[in-house]
Each structure stands twice: as structure tokens, then as C-alpha cells.
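Please open the structure in your viewer and keep the sequence panel beside it. The tour below tells you what to select at each stop and what is found there.

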Amino acid sequence: MQKLIEQIKAFVKEKPLMVFGGVALAAALVAVFFVMNQGPEYQTLYTQLSPEDSGAVIEKLKDKRVPYKVDGPAISVPADKVYETRMELAGEGLPQGGGVGFEIFDKSAFGVTDFVQKINYKRALQGELSRTITQIKEIETARVHLAIPEKGVFLDDQKKARASVIVKLRPGKQLTQGQVSSIVHLVANSADDLKPEDVAVVDTAGKMWTREADDDSGMMLSATQLEYKRALERDYEHRVQSMLEKAVGPEKVVARVSADVDTRHVERTEETYDPEGQVIRSEQRNKETSVGGVAALGVPGVLSNMPETAQAKNTSNGSPASSNRQGEVINYEISKVTSHVVEPTGAIKRLTVSVLVDGTYPAAAAQAGAPADAKGTYAPRTEEELAKFTDMVKAAVGFSESRGDVVSVVSTPFDQGLMEAEVAPEKEPMVPTELVPVILKYATIALITLFVILFVVRPVMKRLTQEKKALEEIQRSMPALGGGSELALEAGKKDFDSVERLKRVVRENPQQVAMVLKGWIKER
């Protein structure tokens, strides 16, 4: 053992570079072995799951004996089982994506009370609403809380149902007022006695997306009206800009439109009467005439009505009795017009349009051999061109002088530096995320292989090549190689150049010369 240790020390002392190369090669081989045998390649199965869904998915993977890894919010499985596992879990209703749903009633338990059934129904309804709301592409996760009171016996005891929705938006995404209104009406129509004004939508940053209705407040536009106004302005801007860019070139026109929109909702009912248009609807005439007869005179009673008494009274009066009565009733119908007018909401009251147009650069076009994008001296647009552009803009936006619309077209040089400094839209990564571990694995193998070639194989080959050249030089310097040292010395005395060359070889390659001498000694 002692002798073996001494031989190893001597070998390390004589050839340290070769020993270092061997150790490095062994370490590289061990590293490659561990990299190649670290197990199957894993790929993301699900990410950004709720704690409930993550636990349910992991339990199913354990039951199916599918290997998995948990890296933060992501669950990974072997790459060859990703799609198969997803389909199997989807068949079992996983992930649920927002809590438990109506599958809670798939398995009925014996002895469940009515209170538990109501709670389960409420949980299922909340979970189903959360899953539905999560389908909106701007929303990452959502939770719904329903407050549905018990129905009382008396109407005065009835309480209003309420609901709250909390959403987590995806990075860089925002909800439009139309989407918020859709969420509100979706939740309101999913429960009894729940009105849209009793539904609140909040995001995880604490921003309130729904606003309470206040009929007495007319100081500011509602979100829907403001969205309509902005959409109208963007539409006009796109019209103007796309039209003028066809004439002056792309990125040489900037248009801004301000629209004054009438957001009032007016309903008016009018009744108009025409006194000249009279029509007889009905007419009634009465006429009564009476001459002579007995008139009742005296004290009322039997004696006054006796014929003898009446005749005596008429005779004493000296004139005959008479009666005449006339009556006339005419009903006229006056013509009437009833009109119910609903004025449209969102009518444009006034438009203000401002347009900036870049000028021309005639000097750049006149230069011989100038690049296509080179710019020369700025020249503003002429008055005729600006007048023509103004007419085009007026026609595009439906200019109305009676409304007091204003259109301004100005020619000014554009700062190209600011345009180029605009933030470029986000691009999708060139390499998919799931391929990154694979690329790192094979890149590590390639780097280790390159390291072995450059720092192990290459030095060894270089050393062997130098030794071979040195051995050939020694053989040329010693003509009597293999014939004994005396002949070599005699040859060295006769040839001074060979002796000098031999000295140089010995100084540069002492180890190789020693090996040659050892070989001669063994031959002797």
C-alpha cells in the first residue's frame, strides 16, 4: 500500500496536468449523469389555482399515483401525462374555479337538515356565479357573497336581498362599464328578490366598480354616458386620422375630437286644442206652449180645487190663462292633438376638432443618394392644402354650423424622437415557458461538454503532440539513437549544430529527454 501511494504521488508530481484533466473529466461525467437521470421532465398542469382547487387536484393526483411537483401557485406533472391528466380531472369537475358548485348535491347524505340544505344551496349558487364571472377574460378569479334573508310572514318584515362580488383582475387589464353592468345583472337575475342596485362589485385593490344611483345628483356623467362620449370621440378621431394619412402618409397626422353630448333623457306629452275646428257632437231642443186652462189659486186644499171655486176665480180674474217654454242645448267637439315625444339620449350638441398635420421636406428628396427616410428642411403645408384638409375633416365629422362646431387644421413639424420613444406593445416570449427547463438542461450538458473539450481534451492532445515533436527532435539530434551513448557522444562532437540543438531540446523538454534516457537504460 505504501508503494502504491508513493507511485501515485510520483505520477501526480510528474504529470499534474493529466491528473487535473482526469479529475475534471470525472466531475463532468458525474454532473452529466445526475442531469440525465434526474427523473422525467415536468410541465405545468395548472397555475393560479385557489387553495381549495389546489388541494383537490393534489388529492386526485395522489389517488391516481401521478407524480407531481408544487412550485408556488403552479402544479407540474410529467410532460407526457399533462393532457391526459387534464382531461381526466376535467371529467371529474376539477378545477372548480371558484368554490363548490351544484355538484355538492350529487351525493346525498342521510339525515341532512333543512338548514344545511339551504346553506349548501347558497354555497352552490355562489360557486356557480364565481365560475361564470371568471369566464370574462379580464378577470383572473372571482368570489360572490349572497345575503338572502328568510321570507317573513308579513310584508313589513321582508328584507332586501344583497350581493357582493370581489374580482381579481389580470395584470394590466381593466373592466368596462358594460362588463360591470353585465356582472351586476347576472348576479341579480340569479337570486329571488335581488335588484341590480343592491349588487356591489369590488376588485382586490379596493376599487368600487359600481356606483349608487342618485337621481338628485346631476353634476357629473354616469360611467355609461362617459364611456359613450369617449367612444364617440375615438370614432371621429379614427375617421379623420385614417383619411388624412392616405393623403400625407402614415404617422403624419394627429387628430383630437371633443364632443359635447346631450345626456338628458327627456319625455314630453303635449295636448293641443284648435278652437277653429269646432264640430257639433250633439244637439237637443225643447219647446212647450199652453193657452187657457185652470190655474190653481187660493189656499191649497180640497176646497180650492173644487170646480165651482176654480170657475169663480177665473171669472173674477177676467183674462184667460196661457203658458210658453223653449229650450236648446248644443254640444261642440273641439279638435285635439295629443303627442308623446321622447328625445334621443346622446345627441351631439357641439363638436370641436383639432388636427395636426406634418409638413413636407423637399430638400431630402432632392439630395442625390440620400436614404429613403432622410429628412431635409421642413416646409409647412400651403394654405390651399390646409383648406382642402379642413373641408375633408368637416365632411368626415358631419360639421354643422348651426351647432357651433369648430374645426382647426394646423401644419407643424413632428418630433420623431418622441414617436420612436413610445413604449412598444408587449410581445409574447419567443420561447414558451414550458420549454425553459428543457433548454436549460441541454444547455448545461453542452457547456460541460465544451468545458471538457477546451480544458481537458485539448491540453492533453497538445501535450501529446509536443511530446511527439520533442521525441522526433531528439531522434534527429542523436543519429545513433538506440546504438549506445558513446556513439551519440561521438556524433555530437563531430556535429556542433546537433549538440546545440540537443541542448535546446533538453532545456525545453526535460521530462521527454528523461523518458528517452530511461528507455535506453532499460534496453541496456
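Select D193, which is exposed, with a relative accessible area of 58% (exposed means over 50% relative accessible area, buried under 20%, and partly exposed in between, using a 1.4 Å probe and protein chains only). D193 is found in the loop between α6 (177-188) and β6 (199-203), where helices (H or I, at least four residues) and strands (E, at least two) are DSSP runs numbered from the N terminus. Its phi is near 60°, a positive value in a residue other than glycine. Most residues other than glycine have a negative phi.

This is a predicted model, in which local features need pLDDT of at least 70 and side-chain atom pairs count only at pLDDT 80 or more, while totals for chains, interfaces and linings use all residues. Residues are numbered from 1 along each chain as its sequence is written, and side-chain values use heavy atoms, with hydrogens and water left out.

Now select E251, in the loop between α7 (223-248) and β7 (253-262). E251 has a phi near 60°, a positive value in a residue other than glycine, and E251 is exposed, with a relative accessible area of 52%.

Next, go to S411 in strand β11 (residues 406-411). Is S411 buried or exposed? S411 is buried, because its relative accessible area is 16%. The side chain of S411 reaches the backbone nitrogen of R381 at 3.0 Å.

Then select helix α3 (residues 51-64) together with helix α4 (residues 82-91), whose axes come within 11 Å and cross at roughly 115°. The axes are lines fitted to C-alpha atoms, for helices over the stretch in contact, and angles run from 0 to 180 degrees between N-to-C directions. The helices α3 and α4 are therefore roughly perpendicular to each other, a term that covers angles of 65 to 115 degrees. Their contact is made by V57, K60, L61 and K64 of α3 and by T85, E88 and L89 of α4. These residues divide into 3 nonpolar, 1 polar and 3 charged (Ala, Val, Leu, Ile, Met, Phe, Trp, Tyr, Cys and Pro count as nonpolar, Asp, Glu, Lys and Arg as charged, and the others, Gly among them, as polar).

Finally, show the whole chain, which has 15 helices and 11 strands. Of its 524 residues, 24% count as buried.

Definitions and conventions:
A polar contact is a pair of N or O atoms within 3.5 Å; within protein, one must be able to donate a hydrogen and the other to accept it, and residues adjacent in sequence count only if both atoms are side-chain atoms. Angles under 35 degrees count as roughly parallel, over 145 as roughly antiparallel, 65 to 115 as roughly perpendicular and the rest as oblique. Contact means heavy atoms within 4.5 Å.
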